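Colleague: I am new to reading structures. Could you take me through a few features, one at a time?

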Amino acid sequence: MLKNLLDSVEALVFDLDGVIADTAKFHYEAWKRLLEDLGFQIDPNESEQLKGVGRIQALETLLTNRGIDFPYSKKVELAERKNAYYVKLLSLVDEGFLLPGGMEFVSLAKERGYKTALATASKNAHIILNKTRICSYFDVIVDGTMVKRTKPDPEIFLLTAKRLKAKPEKCVVFEDAYAGIEGAKKAGMKCVGIGKPEVLSNADFVVDSLASAVKMFGNEHY
Ligand code: BG6
Ligand code: MG
């Protein structure tokens, strides 16, 4: 139950793309365009494999799925091209890109005395945060520019806990990616999956959206 998870902790840690902001679809669109440049089609089933992981790791997954490899310098060039496509799509982002219930959930958490943090693998988080104007809702923000290893490595979550001055076991993470949940669990944190239970089978609890979670959280007996 969500209540059992949240009652025993002091800090809530949120992923950005696909949890707070509706931007996971832009990562997918940008990868699709890059693959088309290379003469390939993206398979919608690959979408879950791209979530949460760093840029180069996502590219390597797409190449491996097609049985190809490139020298590292070529991979960097391709990842930069994908990023340019992605950043162009981010020009569309405004407050309307906040996913339903997300900021309501974070506000309610703050009201109830929880520390709040954002932990995202993205190196573009600052663009989304500025456009949606949500920085002040979080006590701590850790992004992909501050860590060496990306999810499923636990580094980003351990750094977040350190900056929150909270023990990992006193944090619950909200994640839409299998890789993110892996990272949170390796860090010793509990994790709420945002999405489908059959995809996020490694989560401690799964809910379809923060809009549903806010209904549970808003009710005293959730
Ligand atoms: C994560 C996304 O938040 O950030 C991944 O879920 C993405 O899909 C990763 O690959 C890195 O993002 P960026 O913006 O630095 O390429
Ligand atoms: Mg995500």
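Colleague: How are the donor residues of the magnesium ion (ligand 2) spaced in sequence?

Modeller: Keep in mind that this is a predicted model. The spacing of the donors is D-x1-D-x158-D. The ion is coordinated by Asp 15 (OD), Asp 17 (O) and Asp 176 (OD), at distances of 2.0 to 2.2 Å.

Colleague: Is Asp 15 buried or exposed?

Modeller: A residue counts as buried when its relative accessible area is under 20%. Asp 15 has 5%, so Asp 15 is buried. Asp 17 is buried as well, at 12%.

Colleague: Which residues does Ser 122 touch?

Modeller: Leaving out residues up to four places away in sequence, Ser 122 touches Asp 17, Asp 143 and Gly 144. Ser 122 sits in the loop between strand E2 (115–119) and H7. With a relative accessibility of 9%, Ser 122 is buried. A polar atom of the Ser 122 side chain is 2.9 Å from the backbone nitrogen of Asn 124.

Colleague: How do I read the packing of two helices, and at what angle do H5 and H7 pack?

Modeller: Look at the angle and at the distance between the axes. Helix H5 (residues 72–90) and helix H7 (residues 125–132) pack at about 5°, and their axes are 11 Å apart. Angles under 35 degrees count as roughly parallel, and H5 and H7 are therefore roughly parallel to each other. From H5, the contact uses Tyr 86, Val 87 and Leu 90, and from H7 it uses Ile 127, Ile 128 and Lys 131. By class, that contact has five nonpolar residues, one charged residue and no polar ones.

Colleague: Which residues of helix H10 are buried?

Modeller: An α-helix has 3.6 residues a turn, so residues three or four places apart point the same way. In H10 (residues 210–218), the buried residues are Leu 210, Ser 212, Ala 213, Val 214 and Phe 217. They pack against several elements, including helix H1 (2–7), helix H6 (102–111) and strand E4 (171–175). At the start of H10, a side-chain oxygen of Ser 209 comes to within 3.3 Å of the backbone nitrogen of Ala 211.

Colleague: How far apart in space are Lys 32 and Ile 42?

Modeller: Distance along the chain and distance in space are read separately. Lys 32 and Ile 42 are ten residues apart in sequence, and their C-alpha atoms are 5.4 Å apart in space. Lys 32 belongs to helix H2 (residues 24–37). Its relative accessible area is 28%, so Lys 32 is partly exposed.

Methods. Residues numbered from 1 in each chain as written. Chains lettered and ligands numbered in written order. Predicted model: local features only at pLDDT ≥ 70, side-chain atom pairs only at ≥ 80, totals over all residues. Heavy atoms only, no water. Buried < 20%, exposed > 50% of the residue type's maximum accessible area, 1.4 Å probe, protein only. Helix = DSSP H or I, 4+ residues; strand = E, 2+ residues; numbered from the N terminus. Contact = heavy atoms within 4.5 Å. Polar contact = N/O pair within 3.5 Å; in protein donor to acceptor, adjacent residues only side chain to side chain. Donors = N, O, S within 2.8 Å, 3.2 Å for Na, K, Ca; no water. Axes fitted to C-alpha atoms, helices over the stretch in contact; angles between N-to-C directions. Parallel < 35°, antiparallel > 145°, perpendicular 65-115°, else oblique. Nonpolar A, V, L, I, M, F, W, Y, C, P; charged D, E, K, R; others polar.
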